[in-house]
Amino acid sequence: MRITVFGATGGIGGHVVRQALDAGHKVTAVVRTSSAFELEHPSLDVVRVPGLDAAEPLREAVDGSTAVISGVGPRGRKDGPVASGSTKSILAAMDAAGVRRFVAVSAAPLGPVPPDFLNRRVVFPLINLFAADVYADLRVMEADIMSSGTEWTIVRPPKLNSRALTGHYRTAIGGTVTRGYLVSRADVAHLMLSVVDDPATIGQPVGVGY
């Protein structure tokens with residue numbers, strides 16, 4: 001496949017780029033002009049853009065792609081509406097280029113509250129309380145994706161860590177993984193690539209966790 005990756009310098013997006021190349025796909029990595037990105041590969045194209053706040057500069061990057069994968073998201077509580085603003089531009093660029101398949105990362109607290117006590121009574125309430133602005137931004141992003149004309153899948157991980165790829169994790173199509181408290185960025189990237197050609201995940205959020 002030819003895959004365009006947004007957020008290619010981020011924790012999840014970087015893993016998506018490397019795993020896609022290892023799997024033999026052709027990859028277009030979209031990075032900001034000011035960002036350092038030194039990876040080189042015969043099947044990798046790097047498109048540098050000043051930002052993700054306008055669709056037209058992004059159209060070249062998505063044109064001809066089988067799928068677009070977005071690992072864009074806030075790196076901290078003070079980053080502002082990064083996810084929703086960038087995703088609006090990505091969706092507009094995809095529409096202009098006629099690209100349909102879209103996989104984006106969100107977060108577990110936007111999904112159904114799982115029945116286990118720790119998530120239901122402690123983890124989810126605290127996260128929504130102390131990172132309300134972040135999750136408000138992600139809710140706008142998800143709403144825009146769901147109302148778009150794309151064949152979308154939204155991946156919702158819990159707390160992320162930097163452990164190595166395992167390829168072993170639990171998923172819940174349309175739901176949240178019970179007692180799924182952690183997952184690595186590498187495994188989230190693995191799932192995002194796995195769902196690209198899985199028709200069961202089109203038009204669905206997918207929970208993930210160990």
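**Sheet and helix packing in a predicted model**

An open sheet of 8 strands has the order S3-S2-S1-S4-S5-S6-S10-S8, with mixed pairing (two strands pair if DSSP finds at least two bridges between them). Strand S3 (44-49) and strand S8 (170-173) stand at the edges with a single partner strand each, so one side of each has no neighbour in the sheet. From one strand to the next, the twist averages 20°. This is a predicted model, in which local features need pLDDT of at least 70 and side-chain atom pairs count only at pLDDT 80 or more, while totals for chains, interfaces and linings use all residues. Residues are numbered from 1 along each chain as its sequence is written, and side-chain values use heavy atoms, with hydrogens and water left out. Helices (H or I, at least four residues) and strands (E, at least two) are DSSP runs, numbered from the N terminus.

**Strand pairing**

- Strand S2 (residues 26-32) runs parallel to S3, and 6 bridges join the two; the bridge partner of Thr28 in S3 is Asp45.
- Strand S1 (residues 2-6) and S4 run parallel and are joined by 4 bridges, with Ser70 of S4 as the bridge partner of Phe6.
- S4 is also joined by 4 bridges to strand S5 (residues 101-105), again in parallel; Val68 has Phe102 of S5 as its bridge partner.
- In strand S4 (residues 67-70), Ala67 and Ile69 point one way and Val68 and Ser70 the other way, and all are buried (under 20% relative accessible area; exposed is over 50%, partly exposed in between, with a 1.4 Å probe and protein chains only).

- Buried residues of H1 include Ile12, Val16 and Leu21.
- H1 is followed by Gly24, whose phi is positive, near 95°.
- The axes of H1 and helix H6 (residues 185-195) come within 8 Å and cross at roughly 55° (axes are lines fitted to C-alpha atoms, for helices over the stretch in contact, and angles run from 0 to 180 degrees between N-to-C directions).
- Contact (heavy atoms within 4.5 Å) involves residues including His15 and Gln19 of H1 and Arg185 and Met192 of H6.

**Helix H4**

- Phe117 lies in helix H4 (residues 117-130) and is exposed, with a relative accessible area of 53%.
- The C-alpha atoms of Phe117 and Thr178, 61 residues apart along the chain, are separated by 9.7 Å.
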